[in-house]
Amino acid sequence: MKRLSILFAVVMSMSGCSTLQESWDYFDMARFDNNEYLLSVDVRTQANLGARKCGTPEVNAEVSKLWGSTLKLKNYAESIPKNEETVIMTSELLEIVRGLDKRYNIDKKTVSMKYCTIKFTNIEKNATIITNVIGRKPHDR
Amino acid sequence: MIDNAVKELEEWVGNNHTELADWASDAKSLTEQFKAGGLAEDEYLELMEDLKRSQKISDAADALAVRSRANELLDNLITAAGVVL
């Protein structure tokens, strides 16, 4: 009983929550999901490959693929319960990619080389952060 | 006006708070490239907006990392408690 009390106290202090319900909610989270992880790796890889096509006619197709991969990741993350942080991350990333897709494939504007490389670099950097943190979600035992 | 903003960014780049310094460094670099004519105005504005979005991604990633770690610790505590109880 004493050990259980200690465990309870540790749980409350780890979560920083004032009530048992808040503590329960804090620890009740989406766990590691193979599909979600793979989709995030796809986005990261697609951003890496797309950056190499800046300034070439093939870049439009790369941007379309990146848009598709990012949308798929966001939609998949949204379908998992208790997955709030991942939904925020993937939604923000999708908005970053939206600007790129709009410029290349909707407005069909002239795009500077600098914009293209900065944009892809930024997307890859954020996709790496997302992939790493998704990969470290608690695994089922 | 943009020169004042750049001066302020330079002060922030030297800030001890790493996250803030990184953000200021990125913003300063974008502003310099815009002033040098390497970026169109609409491209520059979009990339500056992206910095805010990137910050939100970092904040959510930090929150998720802490929550995941806390969960793993709890799993370990429960396993250990199961062994000794």
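1. Chain B has an accessible surface of about 5,000 Å², and carbon and sulfur atoms hold 56% of that surface. Accessible areas here follow the Shrake-Rupley method with a 1.4 Å probe, and for residues only the protein chains shown count as cover. The model is predicted: local features need pLDDT of at least 70, side-chain atom pairs count only at pLDDT 80 or more, and totals for chains, interfaces and linings use all residues. Residues are numbered from 1 along each chain as its sequence is written, chains are lettered from A and ligands numbered from 1 in the order in which they are written, and side-chain values use heavy atoms, with hydrogens and water left out.

2. Chain B contains 3 helices and 0 strands, in the order α-α-α along the sequence. Helices (H or I, at least four residues) and strands (E, at least two) are DSSP runs, numbered from the N terminus. The chain has 85 residues, and 34% of them count as buried. Buried means under 20% relative accessible area and exposed over 50%, with partly exposed in between (1.4 Å probe, protein chains only). For contacts in chain B between residues at least 6 apart in sequence, 30% join residues at least 24 apart; contact means heavy atoms within 4.5 Å.

3. The interface with chain A involves 36 residues from chain B and 43 residues from chain A. The two chains bury about 3,400 Å² between them, with 60% of it on carbon and sulfur atoms. Buried area is the accessible area (1.4 Å probe) that two parts lose on being put together, summed over both. On the chain B side, Ile57(B), Leu64(B) and Arg67(B) lose the most area to chain A, and together they account for 22% of what that side buries.

4. Polar pairing across the interface comes next. The rule finds 14 residue pairs in polar contact between chain B and chain A, both residues being at pLDDT 80 or more. A polar contact is a pair of N or O atoms within 3.5 Å; within protein, one must be able to donate a hydrogen and the other to accept it, and residues adjacent in sequence count only if both atoms are side-chain atoms. Helix H2 (18–35) and helix H3 (41–84) of chain B are the elements that give two or more residues to the side that touches chain A. H3(B) gives the most, with 30 residues. By class, that side of chain B has 18 nonpolar, 8 polar and 10 charged residues. Ala, Val, Leu, Ile, Met, Phe, Trp, Tyr, Cys and Pro count as nonpolar, Asp, Glu, Lys and Arg as charged, and the others, Gly among them, as polar.

5. Over all chains, the whole structure has 21 salt bridges, and 11 salt bridges are found across the interface of chain B and chain A. A salt bridge is a side-chain nitrogen of Lys or Arg within 4 Å of a carboxyl oxygen of Asp or Glu. One of those between the chains joins Asp50(B) to Lys119(A), with the closest N and O atoms 2.5 Å apart. Both residues belong to a salt-bridge network that links Arg103(A), Lys109(A), Lys119(A), Asp42(B), Glu46(B) and Asp50(B).

6. Within chain A, Glu36(A) and Lys137(A) form a salt bridge at 2.7 Å, N to O. This pair links distant parts of the chain: Glu36(A) is in helix H3 (residues 34–51) and Lys137(A) in the segment after helix H6 (113–135), 101 residues apart. Glu36(A) is buried at 0% relative accessible area, and Lys137(A) is also buried, at 0%.

7. Arg98(A) and Glu95(A) form a salt bridge with the closest N and O atoms 3.0 Å apart. Both lie in helix H5 (residues 84–106) of chain A, 3 residues apart, about one turn of the helix. Arg98(A) is partly exposed at 37% relative accessible area, as is Glu95(A) at 28%. In the salt bridge of Glu58(A) with Lys53(A), the closest N and O atoms are 4.0 Å apart; Glu58(A) is partly exposed at 41% and Lys53(A) partly exposed at 28%.

8. Two further residues of chain A deserve a look. Glu92(A), in helix H5 of chain A, counts as buried at 12% relative accessibility. Leaving aside neighbours within four places in sequence, Glu92(A) is in contact with Arg53(B), Lys56(B) and Ile57(B). Ala127(A) lies in helix H6 of chain A and is buried at 1% relative accessible area. Not counting residues up to four places away in sequence, Ala127(A) touches Val43(A), Arg44(A) and Leu93(A).
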